[in-house]
Amino acid sequence: MFTTTGSRGLYKAPLSKGLLLVLNGLTVMLTLLPHYQEMFVYNLQAVTQQHQVWRFLLGRLVCLDVKDAFCSSLLIYNFRIFERRFGSRKYASFLLGTWCLSALMDFLLAQAFQFLFDYEVEELPAGLLAPVFSLFVPFYLLIPRMQVTQVLSHIHITNKSLVYIVGLQLLTSSPFMWLLALSGLISGGLYHSNVLWMQKLLFVPVWVSRIGRFILEPLFSSSQPTSETPLGMGATLDIQRQQRMDMLDQQLLLAQYNEARRNTRQQPQSGLFQWTRFFPSLRRRGQNRPPVQPRPQAQTPPSTQQPLLDNSPVAEEQVGVHPCAFISCPFTGSFVLLLMKYSEVARLVEMGFSRIDALEALRASNNDINMATNFLLQH
């Protein structure tokens with residue numbers, strides 16, 4: 001369903017796994033023990049009038065509605081890509097920062113709603129909902145959009161469409177869920193853009209990260225998936241396909257940089273890479289150039305031999321040097337680079353890519369064969 005983040009499960013995402021297990025476990029326990037649910041109700045009126053500040057902590061962690069817990073779990077599972085990309089500490093800092101900011105935003109938005117519509121908001125949906133909505137900000141800005149299919153030839157379905165549908169389902173599950181969604185989006189935007197140096201004020205300390213690494217990470221870490229799986233060949237191909245899509249995130253910055261270089265670089269001469277013979281082509285390069293005066297050399301007996309035509313074969317005895325002596329010719333640098341370029345293009349063509357795509361990939365990767373291969377695999 002979620003093709004954005006691959007099919008490697010919760011590998012390298014211990015914090016996401018811990019949130020899913022602990023929060024959903026508490027939701028199930030509170031469902032079975034309803035007389036304890038009162039402690040986890042997110043009651044703003046009790047906070048403001050009775051000064052029960054602890055409700056900001058308990059009421060904004062555990063979902064009391066099973067539907068909200070299910071939808072938020074799907075989103076947390078999908079957003080685990082940020083923990084893989086940025087690391088568990090930075091991901092935890094984002095959740096902590098947006099959790100604190102959204103607590104303030106919930107109170108301000110509730111007061112603004114009461115001022116505008118003369119209606120007091122007493123309770124809000126409980127759970128880690130505002131930080132989950134805040135993750136839509138980096139999801140929209142950092143995750144590339146790739147088209148998957150089309151519906152009715154006009155509606156484009158991308159790899160991000162189903163994630164937005166789940167978010168919309170969560171948004172419409174409660175009457176005042178929109179307030180938490182707006183609070184989360186504002187908090188995510190402020191923290192992501194580092195307004196007023198929020199990322200330096202609200203973060204997880206290094207010592208807390210080390211404690212979690214040595215104590216909690218062994219409990220919630222997942223083993224690395226392998227291609228050998230009991231689910232069969234379909235699962236193996238799915239893992240390989242999703243691993244390639246994970247590599248796309250790593251190539252995103254490189255693709256943007258290469259796109260900028262292609263827009264500014266001068267277009268190459270047409271037909272440059274369609275030559276089938278190197279030596280005649282090198283000789284033809286001098287036809288459209290003005291004659292160049294040769295450098296003064298030691299006196300040699302004048303040659304009585306007729307000049308060779310461009311298309312006539314050159315014998316080694318006539319030239320008087322070994323073909324390896326092209327090292328000293330003026331075209332040495334261009335010829336060596338061209339020969340290397342031809343060999344790299346040939347290797348990519350042997351892998352099954354077209355010649356045009358191979359040339360474009362090599363030009364985008366500055367003639368790096370490994371980078372060009374990864375570029376072709378992702379595009």
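Helix H4 passes helix H9 in a left-handed crossing. This is a predicted model. H4 covers residues 66-78, and H9 covers residues 161-171. Two packed helices are described by the angle between their axes and the distance between the axes. For H4 and H9, the angle is about 150° and the axes lie 9 Å apart. Angles over 145 degrees count as roughly antiparallel, so H4 and H9 are roughly antiparallel to each other.

Which residues of H4 and H9 meet? H4 brings Asp68, Cys71, Ser72, Leu74, Leu75 and Asn78. H9 brings Val163, Val166, Gly167, Gln169 and Leu170. Sorted by class, this contact has 6 nonpolar, 4 polar and 1 charged residues.

Leaving aside residues up to four places away in sequence, serine 72 touches Cys63, Leu129 and Leu170. Leu170 is among the H9 residues that meet H4.

Now move to H9. Serine 161 is found in this helix. Is serine 161 buried or exposed? Serine 161 counts as buried because its relative accessibility is 16%. Its side chain reaches the backbone nitrogen of threonine 158 at 3.0 Å. Methionine 146 is 15 residues away from serine 161 in sequence. In space, the two C-alpha atoms are 10.0 Å apart.

H4 has another partner, helix H1. H1 spans residues 14-32. The axes of H1 and H4 come within 10 Å and cross at roughly 175°. H1 and H4 are therefore roughly antiparallel to each other. On the H1 side, the contact involves Ser16, Leu20, Asn24, Thr27 and Thr31. On the H4 side, it involves Val66, Ala69, Ser73, Ile76 and Tyr77. By class, the contact of H1 with H4 has 5 nonpolar, 5 polar and no charged residues.

Next comes helix H6, which runs through residues 88-117. Threonine 98 has its place there. Its relative accessible area is 1%, so threonine 98 is buried. What does the side chain of threonine 98 reach? It reaches the backbone oxygen of phenylalanine 94, at 2.8 Å. Threonine 98 also touches Pro131, Ser134, Ser187, Gly188 and Tyr191, not counting residues up to four places away in sequence.

Leucine 96 counts as partly exposed because its relative accessibility is 34%. Where does phenylalanine 203 stand relative to leucine 96? The two residues are 107 residues apart along the chain, and their C-alpha atoms are separated by 6.8 Å. Leucine 96 touches Phe203 and Val204, again not counting residues up to four places away in sequence.

Finally, step back to the whole chain. It has 19 helices and 4 strands. How much of the chain is buried? Buried residues make up 37% of its 379 residues. Contacts can also be sorted by separation along the chain. Among contacts with a separation of 6 or more, residues 24 or more positions apart account for 74%.

Terms used:
Residues are numbered from 1 along each chain as its sequence is written. This is a predicted model: local features need pLDDT of at least 70, side-chain atom pairs count only at pLDDT 80 or more; totals for chains, interfaces and linings use all residues. Side-chain values use heavy atoms; hydrogens and water are left out. Axes are lines fitted to C-alpha atoms, for helices over the stretch in contact, and angles run from 0 to 180 degrees between N-to-C directions. Helices (H or I, at least four residues) and strands (E, at least two) are DSSP runs, numbered from the N terminus. Angles under 35 degrees count as roughly parallel, over 145 as roughly antiparallel, 65 to 115 as roughly perpendicular and the rest as oblique. A crossing is left-handed if the near helix is turned anticlockwise from the far one by less than a right angle, and right-handed if clockwise. Contact means heavy atoms within 4.5 Å. Ala, Val, Leu, Ile, Met, Phe, Trp, Tyr, Cys and Pro count as nonpolar, Asp, Glu, Lys and Arg as charged, and the others, Gly among them, as polar. Buried means under 20% relative accessible area, exposed over 50%, partly exposed in between (1.4 Å probe, protein chains only). A polar contact is a pair of N or O atoms within 3.5 Å; within protein, one must be able to donate a hydrogen and the other to accept it, and residues adjacent in sequence count only if both atoms are side-chain atoms.
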